[in-house]
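This report describes how the secondary-structure elements of one chain pack against each other, and which residues surround its ligand. The sequence and structure are shown first.

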Amino acid sequence: MDRCSACGGTPFYTRRYSGQALCASCFDDSIVEKTRKTISKYSMIGPHERVAIAVSGGKDSLSLLKVLVGLYAPRGNSIVAVSVDEGVAGYRDEALSHARSLAGELGVEHLVVSYKEMFGFSLDEALDWEEEREASSCSFCGVFRRRAIDEAAQRAGASVVATAHNLDDFVQTFMMNLMHGDVARLGWLDPSHTDRSFPLRRVKPFMELYEEEVALYAHQAGVPLQSVSCPYMHEGLRSEVRDYLNMMEANHPGFKNVLLHSSLDVISHYADNSEKHSAPCTQCGRTSSSGLCNVCRMRAAVEEHVKSRAKPSAFGGG
Ligand code: SF4
Ligand code: ZN
């Protein structure tokens, strides 16, 4: 029987793409070490920087909180966990309570912001707009969530915000940008890219870790799982891309890892290009690719919808 390649102990997990067998404890250490190396390779977090960690309360973000607090609290970085309440009745409360308790256990400040407070509507209210929506629920929601996280991190005085996107998320996004013909935006995925018009850096310390490895780490670390799913979960193209990539990985171990490195290579050629294709949003001043950012465009559409529903109909009905 193979032994743990680090300590000779009983193997618990084998990295199929590298053939490396690891015992449970060396596996956990490898996750922390791989995260540390990714951060250092792309200069994601500077000494004494205040770091915001986006914590949805799902297993990936709770794991990220645990790993980053373990790595950076001893170095004197101040850390704040930021969570977004999208406003989905019966869904987010459980995850927010997981985020709150882990932040409390780790002694980390926790800031929660809501769509309602930031944009004037909850996700429940916005998605009532069902038929007129042009994007899938998750792409629509994601646009607002990214903005809410940025705002929360800025309010908390952080200079960098870390999200729990893993290798699978990264390559899926890369493929989706290609499929949408959104080549100009590829540069925005560059891990070393800094948006000069925006003072906060966004980093993905788990971007070189397979989703299954993060899930295993979360399980080992006793991170609680959500029992309720979002009723709007509809990822459209993303779930098809995910299934395709998982099928390729099963047939060709290491496929996603190779794709990550090819993606990074392609993306590096577009890093400058993305600056040329971006212009400040005429309404909020944030980066956009067309003069009006997605948040302002979608927000105006939701407000319009809410207003039109509030008007009495020509027949006097509701
Ligand atoms: Fe938003 Fe989709 Fe997450 Fe629901 S599952 S909160 S719609 S991103
Ligand atoms: Zn805008």
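## Helices H2 and H8

The axes of H2 and H8 approach within 9 Å and cross at roughly 70°. Because angles from 65 to 115 degrees count as roughly perpendicular, H2 and H8 are roughly perpendicular to each other. Their crossing is left-handed. The model under discussion is a predicted one.

On the H2 side, the contact is made by Lys59, Asp60, Leu62 and Ser63, which meet Val214, Ala215, Tyr217 and Ala218 of H8. Sorted by class, the residues of this contact comprise 5 nonpolar, 1 polar and 2 charged.

## Helices H1 and H8

H8 (residues 211-220) also packs with H1 (residues 24-41): the two axes come within 10 Å and cross at roughly 120°. H1 and H8 are therefore oblique to each other. The crossing of H1 and H8 is left-handed.

In this contact, Ala24, Asp28 and Ile31 of H1 meet Glu213, Tyr217 and Gln220 of H8. The class count for the contact of H1 with H8 is 3 nonpolar, 1 polar and 2 charged residues.

## The parallel sheet

An open sheet is formed by 5 strands in the order E5-E4-E3-E6-E7, with parallel pairing. The edges are taken by E5 (109-114) and E7 (201-203); each has a single partner strand, so one side of each is left without a neighbour in the sheet. On average, and with direction ignored, neighbouring strands of this sheet are turned by 25° against each other.

At one end of the strand order, E4 (residues 79-85) pairs with E5 in the parallel sense over 6 bridges. Val84 stands opposite Val113 in E5.

## Helices on the sheet

Helix H2 (residues 59-72) packs on the sheet, where it touches E3 (51-54), E4 and E6 (160-162). The direction of H2 makes about 160° with that of E3. H2 therefore has contacts with both the sheet and helix H8.

Helix H6 (residues 137-155) lies across E3, E4, E5 and E6. H6 runs at about 145° to E4.

## Helices H7 and H9

H7 (residues 167-179) and H9 (residues 237-251) pack at an angle of about 120°, their axes being 10 Å apart. H7 passes H9 in a right-handed crossing.

From H7, the residues in this contact are Asp168, Val171, Gln172, Met175, Met176 and Met179; they meet Leu237, Arg238, Val241, Arg242 and Leu245 of H9. By class, the contact of H7 with H9 divides into 7 nonpolar, 1 polar and 3 charged residues.

Note on methods
Residues numbered from 1 in each chain as written. Chains lettered and ligands numbered in written order. Predicted model: local features only at pLDDT ≥ 70, side-chain atom pairs only at ≥ 80, totals over all residues. Pairing = 2+ DSSP bridges. Helix = DSSP H or I, 4+ residues; strand = E, 2+ residues; numbered from the N terminus. Axes fitted to C-alpha atoms, helices over the stretch in contact; angles between N-to-C directions. Contact = placed C-beta atoms within 7 Å. Parallel < 35°, antiparallel > 145°, perpendicular 65-115°, else oblique. Left-handed = near helix turned anticlockwise from the far one by under 90°. Nonpolar A, V, L, I, M, F, W, Y, C, P; charged D, E, K, R; others polar.
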